[in-house]
Amino acid sequence: MIKRILYVVTTTQEALKGAAFVAELAKSLGAQIIAYGVVDTSAAQRLTQATGEPESEIVVKMEEDAWHYLYDVEDTCKSLGAMIVLQQEEGFPDSRIAAAAKKFRADIVVFARSRGAGAAHSRRERSITSLIERLDCPVLVV
Amino acid sequence: MKLSECLTENAVVVQMSARDKREILAGLVNLIEQTDGLMDTKSLLDEIMQREELGSTGIGKGVAIPHVHLEEIAEMHVAMMTTARGVDYGAIDDQPCRIFIMVAAPDRDRENYLHLLAEVSRLFRHDEVRESVLKAETPAALLEALRSAEGA
């Protein structure tokens with residue numbers, strides 16, 4: 001029985017677009033969504049080196065962006081009548097997501113498909129592949 | 001948009017005694033009504049309660065941010081409350097909550113609404129911000145703590 005869906009919310013349009021599908025899935029299963037965002041602190045360090053902006057300011061912006069996307073997803077899901085709670089953490093995404101799946105006893109982990117090109121896109125694709133190997137539950141890409 | 005700029009002293013209560021989640025939410029709606037003259041507070045409370053049933057807005061670490069946007073609301077309303085003791089809010093980390101910020105916005109202001117929710121959530125993830133807000137013994141002191149945290 002799928003009762004808990006961990007929906008990994010990245011700061012991408014794809015994550016927002018996936019919300020409606022995840023909401024319908026949750027409703028049809030009578031499941032709760034845990035919308036989960038990770039602020040990648042290693043990315044903040046890379047951005048600091050690339051832009052010269054203070055890391056603390058970059059982290060603030062990343063945290064607010066992550067919450068913004070989480071609340072946007074929540075709004076979509078609740079408007080469709082799906083049950084959802086939000087959680088955001090900091091750290092290395094792969095390990096945080098795997099830990100969250102265990103902590104929240106996720107029956108399935110859902111990712112939005114990563115579109116685009118470039119280094120960030122490649123990193124996300126590799127991350128999902130690596131996570132599939134670490135997770136004990138099924139993974140769905142929407 | 002900063003939380004301290006959205007609040008007045010009249011929209012803040014500190015160290016309140018409250019028994020349960022419904023009392024907290026009713027108290028926050030009352031604050032909004034008294035401060036901003038929002039007329040249909042029963043509808044607002046009903047909408048907020050319905051959304052809470054779909055998932056607690058307790059984000060962890062003793063903080064809850066009940067929120068809703070509605071067509072019937074004409075402008076953004078924000079109220080804040082701290083309690084003397086923790087209240088069982090069904091938060092994601094199962095911890096009782098002592099800090100509550102209610103945001104009610106018009107549908108047409110959805111972007112500012114999401115932005116404010118994000119800012120508040122980020123702000124209250126920090127231990128020192130929560131501690132300074134919980135120490136406040138008056139609404140003025142709480143607002144000063146917020147201004148200090150947001151300006152830092």
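Trainee: How are residues, chains and confidence handled here?
Mentor: Residues are numbered from 1 along each chain as its sequence is written, while chains are lettered from A and ligands numbered from 1 in the order in which they are written. The model is predicted: local features need pLDDT of at least 70, side-chain atom pairs count only at pLDDT 80 or more, and totals for chains, interfaces and linings use all residues.

Trainee: What makes a stretch a helix or a strand?
Mentor: Both are DSSP runs numbered from the N terminus: helices are H or I with at least four residues, strands are E with at least two.

Trainee: Why is α2(A) called oblique to α3(A)?
Mentor: Helix α2 (residues 41-51) of chain A and helix α3 (residues 55-79) of chain A pack at about 130 degrees, with axes 9 Å apart. That angle makes α2(A) oblique to α3(A). By definition, angles under 35 degrees are roughly parallel, over 145 roughly antiparallel, 65 to 115 roughly perpendicular and the rest oblique. Axes are lines fitted to C-alpha atoms, for helices over the stretch in contact, and angles run from 0 to 180 degrees between N-to-C directions.

Trainee: Which hand does the crossing of α2(A) and α3(A) have?
Mentor: The crossing of α2(A) and α3(A) is right-handed. A crossing is right-handed if the near helix is turned clockwise from the far one by less than a right angle, and left-handed if anticlockwise.

Trainee: Which residues of α2(A) and α3(A) meet?
Mentor: From α2(A) come A:Thr41, A:Ala44, A:Gln45, A:Leu47 and A:Thr48, and from α3(A) come A:Glu55, A:Ile58, A:Val59 and A:Met62. Contact requires C-beta atoms, placed from the backbone, within 7 Å. The residues of this contact of α2(A) with α3(A) divide into five nonpolar, three polar and one charged. Ala, Val, Leu, Ile, Met, Phe, Trp, Tyr, Cys and Pro count as nonpolar, Asp, Glu, Lys and Arg as charged, and the others, Gly among them, as polar.

Trainee: Why are α5(B) and α6(B) described in another way, and as what?
Mentor: The axes of helix α5 (residues 127-135) of chain B and helix α6 (residues 139-151) of chain B come within 8 Å and cross at roughly 160 degrees. α5(B) and α6(B) are therefore roughly antiparallel to each other. B:Val129, B:Ser132 and B:Val133 of α5(B) make the contact with B:Leu142, B:Ala145, B:Leu146 and B:Ala149 of α6(B). The residues of that contact of α5(B) with α6(B) are six nonpolar, one polar and no charged.

Trainee: What is the strand order of the sheet in chain A?
Mentor: Five strands form an open sheet in the order β3-β2-β1-β4-β5 (chain A), with parallel pairing. β3 and β5 (139-141) of chain A stand at the edges, each with a single partner strand, so one side of each has no neighbour in the sheet.

Trainee: How do you know that β4(A) and β5(A) pair?
Mentor: Two strands pair if DSSP finds at least two bridges between them. Strand β4 (residues 108-111) of chain A and β5(A) have three bridges, in the parallel sense. A:Val109 has A:Val139 in β5(A) as its bridge partner, and A:Val110 has A:Leu140. Strand β1 (residues 4-8) of chain A and β4(A) pair in the parallel sense over four bridges.

Trainee: Which element gives the most to the side of chain A that touches chain B?
Mentor: 14 residues of chain A are in contact with 13 residues of chain B. α3(A) gives the most to that side of chain A, with eight residues.

Key: Contact = placed C-beta atoms within 7 Å.
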